[in-house]
Amino acid sequence: MKQYHVTALGELLIDFTENGLSNQGNYLMEANPGGAPCNVLAMLQKLGKKTAFIGKVGNDFLGRHLKKVVEEVGIDTRNLKLDDEVHTTLAFVHTYADGDRDFSFYRNPGADMNLRADEIDAELIAQSEVFHFGSLSLTHPGVREATKKALQIAKGNGCLITYDPNLRPPLWRSLDEAKEQIGFGMEWCDVMKISDNEIQWFTGLEDFDEGIRVLQETYHIPLILLSMGKEGSRAYYQGMKVEAKPFLQKNTIETTGAGDTFCACVINYVLEHGLQNLTEENLREMLTFANAAASLITTRKGALRVMPTKEEVEHILS
């Protein structure tokens, strides 16, 4: 048995989210701990899994706060580095009336970009059943090399590799570079979660099924999950396509962290059931739980600190 269920690499940052207006009519912003990979780990912790994080934050008060929060939710931070030169990455999140979001990043540079290949703890990855990553650690040369090294270690030690492209256009020098690097990530993974707008952008195809077929033929990914927001989700596996309806909440505030919560639930299901011989019933059960969990996080501000418990998800399902 390995020491960790899941180790993830990537960005850990502050999501400044709108929290009303001041008496002068100015935006009030709440500093929520965020970053997709750690959001995924936080949900896995709620589901009883042991996790670890690889990344870098600034050695500033926000970076030290993030490290403390990540430790509070139970994630191992032995390979979370503090950068004395570059500040913690910030994201300002504007939420629209329908719950969708727009991001403004302060990451030129940001500490997460400064993670180096020689700072990767190889033993941490080797002692993990699953290695999880996203595309933000592929946006810049230094952290890209660190990600590539981590992937090589994971593959060499028999880890299952999971991936969330999580496209954020402002963070790439060009969308051509984004497509190249996101495609690189697809070459390594066994499980991938991708959103409806990302599959259309990456393949240039409007039809989701056609887009997934292109990815399967090109990259041979065993299990692909498609998240479609208010339309639910789909799983594509060994010639099967299974769809599950969403759980729409009346008190939805924002969608921050919904995809990460969904992704974590999928990883959890694969950890418990394996990636071999999954049936349509398995896939539908997996999607239904993941959809329910994702719906809960839309009713809360932030994500990392407020992930739902297994009991809360099961309550919705019942």
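Which residue forms a salt bridge with glutamate 272? The partner is lysine 49, and the closest N and O atoms of the pair are 2.8 Å apart. A salt bridge here is a side-chain nitrogen of Lys or Arg within 4 Å of a carboxyl oxygen of Asp or Glu. The model is predicted, so local features need pLDDT of at least 70 and side-chain atom pairs count only at pLDDT 80 or more, while totals for chains, interfaces and linings use all residues. Residues are numbered from 1 along each chain as its sequence is written, and side-chain values use heavy atoms, with hydrogens and water left out.

Glutamate 272 belongs to helix α8 (residues 258-273), whereas lysine 49 sits in the loop between α1 (36-46) and β4 (51-58), 223 residues apart. Helices (H or I, at least four residues) and strands (E, at least two) are DSSP runs, numbered from the N terminus. Glutamate 272 is partly exposed at 45% relative accessibility, but lysine 49 is buried at 9%. Buried means under 20% relative accessible area, exposed over 50%, and partly exposed in between (1.4 Å probe, protein chains only).

A second salt bridge joins lysine 56 and glutamate 119, with 3.0 Å between the closest N and O atoms. Because lysine 56 lies in strand β4 and glutamate 119 in the loop between β7 (101-106) and α3 (122-126), the pair ties together parts 63 residues apart in sequence. Lysine 56 is buried at 4% relative accessibility, and glutamate 119 is buried at 13%. Both residues belong to a network of salt bridges that also links Asp83, Arg116 and Asp118.

Arginine 173 and glutamate 177 form another salt bridge (2.7 Å, N to O). Arginine 173 is exposed at 68% relative accessibility, while glutamate 177 is buried at 11%. The whole structure contains 19 salt bridges.
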